[in-house]
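Here are my notes on the structure you sent. They are set out as numbered points, to be read alongside the sequence and the coordinates.

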Amino acid sequence: MTTNDIELADAIESVRDQLIAAASRATGQAVAFEVGDIEMEFTIELRKEVKGGAKVKAWVVEAGADASRTRGETHRVSFTLKPRNAATGGAWLVGNDDAADVSGLGGGDESR
């Protein structure tokens, strides 16, 4: 692993965090946007991590970083995320008239 490697889970978490930041910044704005499908595509490299229980992790490969990589070592992954408000189950809106409350979004560990 190099210092530029990013776990696939971290890349997806970053998108979620940016959506929450955008919603917070848009509080009180006159225009609101409904977030539609988010299409993501990555080139990943699967590696077995020996420390901590030998599990396989997917690492995002920096675009154009290493032309010597063979096809067998990297894989292209694409998927679509459908963002939903975790509290209501409705569409995720970026911008509204109410103070932003993102405490119920994400459904994960709130202590981060």
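1. What pLDDT does the protein average, and what share of the residues score at least 70? The model is a predicted one, and its average pLDDT is 74, with 71% of the residues scoring at least 70. Among the elements, helix 1 (residues 8-25) has the highest confidence, at a mean of 87, and strand 6 has the lowest, at 76. Residues 67-72 have a pLDDT below 50. Beyond near neighbours in sequence, that stretch has three contacts in the model. I would keep these values in view through the points below.

2. Overall layout. The protein has one helix and six strands. From the N terminus on, the order of elements is β-α-β-β-β-β-β. Of its 112 residues, 23% count as buried. Among contacts with a separation of 6 or more, 68% are between residues 24 or more positions apart.

3. Four strands make up an open sheet, in the order 1-4-3-5, with antiparallel pairing. Strand 1 (6-7) and strand 5 are the edge strands, each pairing on one side only. In general, the strands of a sheet pair through backbone hydrogen bonds, in a parallel or an antiparallel way. Here strand 1 is joined to strand 4 by two bridges, and the two run antiparallel. One of the residues involved is Ile 6, whose bridge partner in strand 4 is Val 60. Strand 3 and strand 4 are also antiparallel, and pair over six bridges.

4. Trp 59. This residue belongs to strand 4 (residues 55-60). Is Trp 59 buried or exposed? Its relative accessibility is 6%, and because buried means under 20%, Trp 59 counts as buried. Its bridge partner is Glu 45. Asp 10 is 49 residues from Trp 59 in sequence, yet the two C-alpha atoms are 9.3 Å apart in space.

5. The helix. Helix 1 lies across strand 1, strand 3, strand 4 and strand 5, and runs at about 145 degrees to strand 3. Its buried residues include Leu 8, Ala 11, Glu 13, Ile 20 and Ala 23. Glu 13 is worth a look in the viewer, being an acidic residue in that list. The cover over the buried residues of the helix includes strand 1, strand 3, strand 4 and strand 6.

6. Val 94. This residue sits in strand 6, the element with the lowest mean confidence. Val 94 counts as buried, with a relative accessibility of 12%. Which residues does Val 94 touch, not counting those up to four places away in sequence? They are Ala 22, Ala 23, Ala 26, Val 31, Ala 32, Phe 33 and Val 35. One of these, Ala 23, is itself a buried residue of helix 1. Another, Val 31, is 63 residues away from Val 94 in sequence, with a C-alpha to C-alpha distance of 8.8 Å.

7. Salt bridges. How many salt bridges does the structure hold? There are two. Side chains of opposite charge can pair when their charged atoms come close. In one of the two, Lys 82 meets Asp 37 at 3.2 Å, N to O. Lys 82 is in the loop between strand 5 (74-81) and strand 6 (93-94), and Asp 37 is in the loop between strand 2 (33-34) and strand 3 (38-49), so the pair ties together parts 45 residues apart in sequence. Lys 82 is exposed, at a relative accessible area of 59%, whereas Asp 37 is partly exposed, at 48%.

8. The other pair. Glu 41 and Arg 76 form a salt bridge through their side chains, at 3.1 Å, N to O. This pair links distant parts of the chain, with Glu 41 in strand 3 and Arg 76 in strand 5, 35 residues apart. Arg 76 has a relative accessible area of 58%, and because exposed means over 50%, Arg 76 counts as exposed.

Conventions. Residues are numbered from 1 along each chain as its sequence is written. This is a predicted model: local features need pLDDT of at least 70, side-chain atom pairs count only at pLDDT 80 or more; totals for chains, interfaces and linings use all residues. Side-chain values use heavy atoms; hydrogens and water are left out. A salt bridge is a side-chain nitrogen of Lys or Arg within 4 Å of a carboxyl oxygen of Asp or Glu. Buried means under 20% relative accessible area, exposed over 50%, partly exposed in between (1.4 Å probe, protein chains only). pLDDT is the predictor's confidence in each residue, from 0 to 100. Contact means heavy atoms within 4.5 Å. Two strands pair if DSSP finds at least two bridges between them. Axes are lines fitted to C-alpha atoms, for helices over the stretch in contact, and angles run from 0 to 180 degrees between N-to-C directions.
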